[in-house]
Amino acid sequence: PAIAIHSNAGVTFDLNAIRKSIGTFELDRFTARCGISELVAEKGEIAFQPKASFYVLLDGHIQYERIDITPADGVADIDLDIPQDASFLTLMVTEGSDRTYDGDWTLFANPKLHLSQSN
């Protein structure tokens with residue numbers, strides 16, 4: 001499973017709505033792997049190197065960032081604690097310093113919200 005986001009876009013999850021739906025469990029952590037698809041670079045038809053920046057925000061505050069990533073940089077692991085008072089989780093990708101979004105097909109692979117049993 002993965003969330004694919006082209007650069008200059010994002011998605012926000014309402015953590016309170018999720019909490020309401022999971023009953024007696026609590027949200028503990030968010031984990032994923034992020035990177036740019038190597039398929040873009042493998043095409044060989046493209047004369048540029050895609051470059052994008054990844055962000056994960058909690059309630060509008062950056063908790064994770066990975067700047068100017070190319071397919072050659074591979075994937076990186078994200079592992080964030082989710083405070084019990086956090087309301088929104090946002091995954092966002094922007095164009096890199098190349099100032100173009102050409103080929104910026106990015107992935108948040110294996111995204112997971114980890115749960116624990118509440119007391």
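In strand 7, which residue is the bridge partner of D14? Please then describe the sheet around this pair and what is packed with it.

Modeller: The model is a predicted one, and within it the bridge partner of D14 in strand 7 is F88. That pair belongs to the contact between strand 2 and strand 7, which pair in the antiparallel sense over 6 bridges.

Strand 7 (88–95) also has strand 4 (52–58) as a partner, and here 7 bridges join the two, which again run antiparallel. Along this second pairing, L58 stands opposite L89 of strand 7, while S53 stands opposite T94 of strand 7. Taken together, these strands belong to an open sheet of 4 strands, whose order is 2-7-4-5 and whose pairing is antiparallel. Strand 2 (9–14) and strand 5 stand at the edges of the sheet, and because each has a single partner strand, one side of each is left without a neighbour in the sheet. Direction ignored, neighbouring strands of this sheet are turned against each other by 10 degrees on average.

A helix is placed against the sheet as well: helix 1 lies across strand 2, strand 4 and strand 7, and runs at about 45 degrees to strand 2.

The largest nonpolar core has 23 residues, of which F30, V56, I78 and F108 touch the most other members. Two or more residues of this core come from each of several elements, including helix 1 (15–22), strand 4, strand 5 (61–69) and strand 7, but strand 3 gives the most, with 5 residues. F30 shows how the packing is built: leaving aside its neighbours within four places in sequence, F30 is in contact with V56, I78 and L89, among other residues. Its contacts also include L91, P111, K112 and L113, and L89 is the residue that L58 faces across the sheet.

Of the contacts in the chain with a separation of 6 or more, 77% are accounted for by residues 24 or more positions apart.

Key:
Residues numbered from 1 in each chain as written. Predicted model: local features only at pLDDT ≥ 70, side-chain atom pairs only at ≥ 80, totals over all residues. Heavy atoms only, no water. Core = buried A, V, L, I, M, F, W, Y, C linked by side-chain atoms within 4.5 Å. Buried < 20%, exposed > 50% of the residue type's maximum accessible area, 1.4 Å probe, protein only. Contact = heavy atoms within 4.5 Å. Pairing = 2+ DSSP bridges. Axes fitted to C-alpha atoms, helices over the stretch in contact; angles between N-to-C directions.
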